[in-house]
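Biologist: I would like to learn how to read a model like this one, feature by feature. Please show me the structure and start with a single residue.

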Amino acid sequence: MTRTAAYRCPACGKGYAADRPLWRCDCGGPLDLEPGPGLRRADIVAADPSLWRYRAALALKGLPRVSLGEGWTPLVTRQWDGGPVRFKLESQMPTGSFKDRGTAIMLNHLLEIGVGPIHEDSSGNAGSSIATYAAAAGLRCRIYVPATAPRGKVVQIAASGAELRAIPGTRQDVTEAALAAVGESFYASHNWHPYFIEGTKTLAYELWEQLDFAVPDNILVPTGYGSNILGLDRGFDELMRQGEIARRPRLFAVQAENCSALGAAWAADAADFVPFNPGPTVADGIATVKPVRTAAVLAALRRSGGGVVTVPETEIGPALKALGRLGLFVEPTAATAGAALSRLLRDGTIRPEETTIAVLTGHGLKATDKIAELLGVK
């Protein structure tokens, strides 16, 4: 972990050394980290029960300065619609969501290059994660959230000591407020910063190792901005380049039908964002109106042979209840994976005998108010 990483802008081709506080290219586009060396089985630090077991493949200069034991989450098998499915419990992360993978790597990179106060915009989970890790690192932090953000997530942010700013209006209004503050502190955006994806790629490594170094056939992921899809694409690509695997799994981005930017582009067979009419959804964690990396996410899905699955509101509640009956208590956003799984099994896109992973991205304690409404709990 001593190499100097580099960024490349896919829009204009400009490159930068990853040794300075950057979150986007001078041209205004998102930056990508150049491909890393990849991972071999021999590189895994098996005694470390966290994502840092894969430290040899991470674009950092040294060992982490801050960690909460993130990663190495359970992979459990349950029967779903008559067949075995493996559920990846990212809901068991330190702050209750998969965001801790990206946050841990991004925050440690920012500490290595000497970044001071930071800010971020989030529908809740990323804000909770970044606020928590910033507190552990002793960094001042400000989080912009929608005024309608779930109370559990807002309370979690407040408990970390971060400055909390609730913004009325749409999720995009929250982003605009954070962008307007770029001159005040560093914009540690989980949607923009390439190191966040460097963290989510460890999900690919973990699934591969937990399946006894085999590749699953299908992975379903509740998806808003797409950092998990991009991380899985990056991680499996690195394993292929090292000769550890011979194929990729099919990746399926799961979205709520009411707010499906990726779904609209996929249905139009477009390479990038297409306008659509967003509506409200109980799956607030993936209610993304305009993903920053739409083109990259769509390309990753096509490369894998997967696609986008949209689920109606009427199927999210029943999926949440069904998961709960299996001992899997998740927020509505994560429950969309169960609803999508049923759809893909019904239409034959995936078969019961295939190895299928459904990623459960957030814990149910994140959204107890909404879950109470779905369950009719007074």
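Biologist: Is Trp72 buried, partly exposed or exposed?

Modeller: Buried means under 20% relative accessible area, exposed over 50%, and partly exposed in between (1.4 Å probe, protein chains only). Trp72 has 29% relative accessibility and therefore counts as partly exposed. Trp72 sits in the loop between strand S3 (32–33) and S4. Its phi is positive, about 55°, although Trp72 is not a glycine.

Biologist: What should I know about the model and its numbering before we go on?

Modeller: This is a predicted model, in which local features need pLDDT of at least 70 and side-chain atom pairs count only at pLDDT 80 or more, while totals for chains, interfaces and linings use all residues. Residues are numbered from 1 along each chain as its sequence is written, and side-chain values use heavy atoms, with hydrogens and water left out.

Biologist: Where do the labels H and S come from?

Modeller: Helices (H or I, at least four residues) and strands (E, at least two) are DSSP runs, numbered from the N terminus.

Biologist: Which other residue has a positive phi although it is not a glycine?

Modeller: Asp81 does, with a phi of about 50°. Asp81 lies in the loop between S4 and S5. These two strands form a hairpin with 2 residues between them.

Biologist: How do S4 and S5 run, parallel or antiparallel, and how many bridges join them?

Modeller: Strands of a sheet pair through backbone hydrogen bonds, either parallel or antiparallel. Two strands pair if DSSP finds at least two bridges between them. S4 and S5 run antiparallel and are joined by 6 bridges. Val76, for one, has Phe87 in S5 as its bridge partner.

Biologist: What is the order of the 6 strands in the open sheet?

Modeller: The order is S4-S5-S13-S10-S11-S12, with mixed pairing. Strand S4 (75–80) and S12 are at the edges with a single partner strand each, so one side of each has no neighbour in the sheet. On average, neighbouring strands of this sheet are turned by 30° against each other, direction ignored.

Biologist: Which strands in that sheet run parallel?

Modeller: Strand S5 (residues 83–89) and strand S13 (residues 356–360) run parallel, joined by 4 bridges. There Arg86 stands opposite Ile357 in S13. Strand S11 (residues 250–256) and S12 also run parallel, with 5 bridges between them. Gln255 stands opposite Thr310 in S12.

Biologist: How many residues of S12 are buried?

Modeller: In strand S12 (residues 307–311), 4 of the 5 residues are buried, so the strand is largely enclosed by the rest of the structure.

Biologist: Which helix lies across strands of this sheet?

Modeller: Helix H10 (residues 313–324) lies across S4, S5, S11, S12 and S13, running at about 115° to S4. For such angles, axes are lines fitted to C-alpha atoms, for helices over the stretch in contact, and angles run from 0 to 180 degrees between N-to-C directions. Gly317 is found in H10 and is buried, with a relative accessible area of 5%.

Biologist: How do H10 and H11 lie relative to each other?

Modeller: Angles under 35 degrees count as roughly parallel, over 145 as roughly antiparallel, 65 to 115 as roughly perpendicular and the rest as oblique. The axes of H10 and helix H11 (residues 332–346) cross at roughly 100° and come within 8 Å. H10 and H11 are therefore roughly perpendicular to each other.

Biologist: Which residues meet there?

Modeller: Contact means heavy atoms within 4.5 Å. From H10 come Glu315, Ile316, Ala319, Leu320 and Leu323, which meet Pro332, Ala335, Thr336, Gly338, Ala339, Arg343 and Arg346 in H11. They divide into 7 nonpolar, 2 polar and 3 charged. Here Ala, Val, Leu, Ile, Met, Phe, Trp, Tyr, Cys and Pro count as nonpolar, Asp, Glu, Lys and Arg as charged, and the others, Gly among them, as polar.

Biologist: At what angle do H7 and H9 pack?

Modeller: Helix H7 (residues 227–241) and helix H9 (residues 294–304) pack at about 50°, with their axes 9 Å apart. That makes H7 oblique to H9.

Biologist: What is the order of the open sheet of 4 strands?

Modeller: The order is S8-S7-S6-S9, and the pairing is parallel. Strand S8 (163–167) and strand S9 (186–187) are at the edges, each with a single partner strand, so one side of each is left without a neighbour in the sheet.
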